[in-house]
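Thank you for sending this model over; my comments follow as numbered points. Please read them alongside the coordinates.

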Amino acid sequence: MASCSQCQCDSALDFDIAMAFQPIIDVRTGEIFAHEALVRGPKGEGAWSILSRVTDDNRYSFDQTCRVTAIRIASELGCDTRLSINFLPNAVYEPEACLRETLKAAHQHRFPREKIIFEVTEHEKVDTAKIVEIFSTYHARGFLTAIDDFGEGYSGLNLLAQFQPDIIKLDMYLIRGIDSNPVKQAIFNGMALTASQLNILLLAEGVETKGEFEYLKQHGVRYMQGYYLCKPKFMALASIEETMLDS
């Protein structure tokens, strides 16, 4: 197994975390496609209460702890859908070595690695070549990959030109009010065409209104996530009966 002497992947995190899970809905079949794991405080405190404690010194152990915790809790809750996990690209020095604990957790908790989706956000400024290396390693290991908040951050089309993930998650700013905004509709049409031609699944996140939902559904978006469909559940998984689709 590859090793990495540059980071502190094996160091214990000095504060506790928990997870909330928000479903990603396949609006065509009416089923839950995946659950996204969202970091929370041990008593349900918001993500910022935890993320604000992440520093250069604990970034690596935080990233590893989030991965392992998400897999463990999802398995304990009986998750039988895909599981989407965010990762910090700046916390990955050696992709193969940094997968060690993830693979160990998946095996220990009998969670199929092919059901794990790794999301990278565009918020963090990282060399595109590094993200491509990480994604390529994850893909080779049987994990699914996703670009989160696509269109919002640093890498965007440059990353897409070098690596085609399994999923693109459209940034919620683009989704907000898209049903009444011709400019956003034009941008969306271009992204949808690109995803179709590259055989990439398109996912709309941050869907908050009926108008947004109806517009996206009418224009072929199959996978959606957002408060309109279902809010995150702390230390629990939503059932399809708890989503808007069953209301």
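**Notes on the predicted model**

1. I begin at the end of helix 9, where the helix is followed by G220, a residue whose phi is positive, near 90°. Please keep in mind throughout that this is a predicted model.

2. Within helix 9 (residues 210-218), the buried residues are E212, F213, Y215 and L216. The elements that cover these buried residues include helix 7 (172-175) and helix 8 (182-197), together with strand 7 (201-204) and strand 8 (223-224).

3. As for M19, if its neighbours within four places in sequence are left aside, its contacts are A37, L38, V39, R40, C66, T69, A70, I73, K233, F234 and M235.

4. Helix 2 also packs against helix 4 (residues 100-108): their axes come within 9 Å and cross at roughly 10°. Because angles under 35 degrees count as roughly parallel, helix 2 and helix 4 are therefore described as roughly parallel to each other. On the helix 2 side the contact is made by Q64, R67, V68 and I71, and on the helix 4 side by E101, T102, A105 and A106.

Notes:
Residues are numbered from 1 along each chain as its sequence is written. This is a predicted model: local features need pLDDT of at least 70, side-chain atom pairs count only at pLDDT 80 or more; totals for chains, interfaces and linings use all residues. Side-chain values use heavy atoms; hydrogens and water are left out. Contact means heavy atoms within 4.5 Å. Axes are lines fitted to C-alpha atoms, for helices over the stretch in contact, and angles run from 0 to 180 degrees between N-to-C directions. Helices (H or I, at least four residues) and strands (E, at least two) are DSSP runs, numbered from the N terminus. Angles under 35 degrees count as roughly parallel, over 145 as roughly antiparallel, 65 to 115 as roughly perpendicular and the rest as oblique. Buried means under 20% relative accessible area, exposed over 50%, partly exposed in between (1.4 Å probe, protein chains only).
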